[in-house]
Amino acid sequence: MKILFVNGTVIGKKTGVMLEIIRNYIEKTNCGYSLEIMNLKDYEHQIVDGRPLIEYNTDMQEIVQKFKEADGYVIASPIFQGSIPGVLKNVLDMLDPSTMRYKPVTIVATGGTYQHHLVMEYQLKPILDYFRCMVTPNYVYTQAGDFDHENRISSNDVHDRFRELARAFVQYVEMSKVLREVPNTKK
């Protein structure tokens, strides 16, 4: 099973820190999955405007291919101006709705204050529901006070929530194996 960790921003370090921690906790479950971090800052982005995929640059095509090949996703996003970054929404707009169908997804986000924690619930989860993903119920939101001056997470509570998120996500990945099997309708 291949899990794609999506760093949904082109600036900052906190989302990358969260993804590394979650990757380590998933590895500790001994699940044996292939784990890949995709940093959106490493790609040349184009505005999605509805043209065929072949008309976009190779970076945009590569992003779509990585999503298609993945069996599950960990999506990390900062919250800017009460919303997910435009670059993350642009990538999601690029995907065919069937790309993520019945694939497990867990989400983490960070913002300056606790007031933005519902962005995941009211913006990101509806998009993922549209894709018919299996979104874990236990997303994690962090805020600036959860990080020290070197962008390390210093809160034991946040680490506990990341461990639980990783455990639940691995169970969702296992459930998805059965759900994505196409039933034989011929008798």
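Me: Which residues of H4 are buried?
Reply: Val-119, Met-120, Leu-124, Lys-125, Ile-127 and Leu-128 are the buried residues of H4; buried means under 20% relative accessible area, exposed over 50%, and partly exposed in between, with a 1.4 Å probe and protein chains only. The model is a predicted one, in which local features need pLDDT of at least 70, side-chain atom pairs count only at pLDDT 80 or more, and totals for chains, interfaces and linings use all residues. Residues are numbered from 1 along each chain as its sequence is written, and side-chain values use heavy atoms, leaving out hydrogens and water.

Me: What do the buried residues of H4 pack against?
Reply: They pack against strand S3 (72-78), helix H3 (86-94), S4, strand S5 (134-135) and strand S6 (140-143), where contact means heavy atoms within 4.5 Å.

Me: Why is Asn-57 called buried?
Reply: Asn-57 has 18% relative accessibility and therefore counts as buried. Asn-57 touches Glu-44 and Gln-46, leaving aside residues up to four places away in sequence.

Me: Why is Gln-115 called exposed?
Reply: Gln-115 has a relative accessible area of 64%, and is therefore exposed.

Me: How far apart are Gln-115 and Gln-143 in space?
Reply: Their C-alpha atoms are 9.3 Å apart, although the two are 28 residues apart in sequence.

Me: Where does H4 bend?
Reply: H4 bends by about 35 degrees at Leu-124, and Pro-126 follows within four residues; the bend is the angle between axes fitted to the seven residues ending at a residue and the seven starting there.

Methods. Helices (H or I, at least four residues) and strands (E, at least two) are DSSP runs, numbered from the N terminus.
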